[in-house]
Amino acid sequence: MLEFYNDPTLPAPLFPGTHLVMDDRYAFLSGLTAVDIQGGETVLGDIDGETRLVLRRIRRMLESVGSGLDQVVRVDVHITELEEIRRMDAVYAEFFEAPRYPARTCTQSPRLYGGARVEITVMARRP
């Protein structure tokens, strides 16, 4: 049975969707940016700061439903400047244990919501 969950610490999505959808085995998180976390405020940092902020929130959201970053099997990353991928990768690597990195796609998306530099979506197992 599917469960639909909006994180009570985040503003409701501005799109017709849900922050988190779960079934018996997996949790699917919608794309998250620093703008989403800050409730629409325009306090944006560099790629390092935004990546760290988003991954911390994703970790907290997963833990709130009994999962964690160690259960992530798939990640989609969208960044506005592909030239910044190494900086994003350095922060990303802080959150996952080598060599058990999740499968990942990273694409350049010239415009992200609210002027964010990075948007991250994950799929994680539910133990």
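The model is predicted, so local features need pLDDT of at least 70 and side-chain atom pairs count only at pLDDT 80 or more, while totals for chains, interfaces and linings use all residues. Residues are numbered from 1 along each chain as its sequence is written, and side-chain values use heavy atoms, with hydrogens and water left out. Helices (H or I, at least four residues) and strands (E, at least two) are DSSP runs, numbered from the N terminus.

**Strand pairing**

- Two strands pair if DSSP finds at least two bridges between them.
- Strand 4 (residues 72-79) runs antiparallel to strand 6 (residues 118-125), and 7 bridges join them; Ile 79 has Val 118 as its bridge partner in strand 6.
- Strand 4 also pairs with strand 5 (residues 103-108), in the parallel sense and over 6 bridges. Here Arg 74 stands opposite Ala 103.
- Strand 3 pairs with strand 6 in the antiparallel sense over 5 bridges. Tyr 26 stands opposite Arg 125, and Phe 28 opposite Met 123.
- Strand 2 (residues 20-22) is antiparallel to strand 3, with 3 bridges, and Leu 20 faces Leu 29 across this pair. A hairpin of 3 residues joins strand 2 to strand 3.

**Strand 6 and Glu 119**

- Buried means under 20% relative accessible area, exposed means over 50%, and partly exposed is in between (1.4 Å probe, protein chains only).
- Glu 119 in strand 6 counts as partly exposed because its relative accessible area is 22%.
- Apart from neighbours within four places in sequence, Glu 119 is in contact (heavy atoms within 4.5 Å) with Gly 31, Leu 32, Thr 33, Asp 76, Val 77, His 78 and Leu 112.
- Glu 119 and Asp 36 are separated by 83 residues in sequence, and their C-alpha atoms are 9.7 Å apart.

**Helix 3 and its crossover**

- A right-handed β-α-β unit is made by strand 4, helix 3 (residues 85-95) and strand 5. Right-handed means that, with the strands pointing away from the viewer, the path from the first strand over the helix to the second runs clockwise.
- The buried residues in helix 3 are Ile 85, Met 88, Asp 89, Val 91, Tyr 92 and Phe 95. Their cover includes helix 2 (47-64), strand 4, strand 5 and strand 6.
- Glu 84 is in the loop between strand 4 and helix 3 and counts as buried because its relative accessibility is 10%. Setting aside residues up to four places away in sequence, Glu 84 touches Ile 47, Ile 79 and Arg 117.

**The loop between helix 3 and strand 5**

- Phe 96 lies in this loop and counts as buried because its relative accessibility is 6%.
- Beyond residues up to four places away in sequence, Phe 96 touches Leu 55, Leu 69, Val 72, Val 75, Tyr 101 and Pro 102. Phe 96 and Leu 69 are 27 residues apart in sequence and 6.8 Å apart in space, C-alpha to C-alpha.
- Pro 99 lies in the loop too. The peptide bond from Ala 98 to Pro 99 is cis, with omega near 0 degrees. Most peptide bonds are trans.

**Second largest pocket**

- The volume of the second largest pocket is about 210 Å³. A pocket is found on a 1 Å grid over the protein atoms alone, as an open set of points where a 1.4 Å probe fits, with protein on both sides within 12 Å along at least five of seven lines. Grid points are joined across faces, edges and corners, and the volume is the space filled by probe spheres set on the points.
- The lining (residues with an atom within 4 Å of a point) includes Leu 69, Phe 96, Arg 100 and Arg 125.
- The lining residues divide into 7 nonpolar, 1 polar and 4 charged. Ala, Val, Leu, Ile, Met, Phe, Trp, Tyr, Cys and Pro count as nonpolar, Asp, Glu, Lys and Arg as charged, and the others, Gly among them, as polar.
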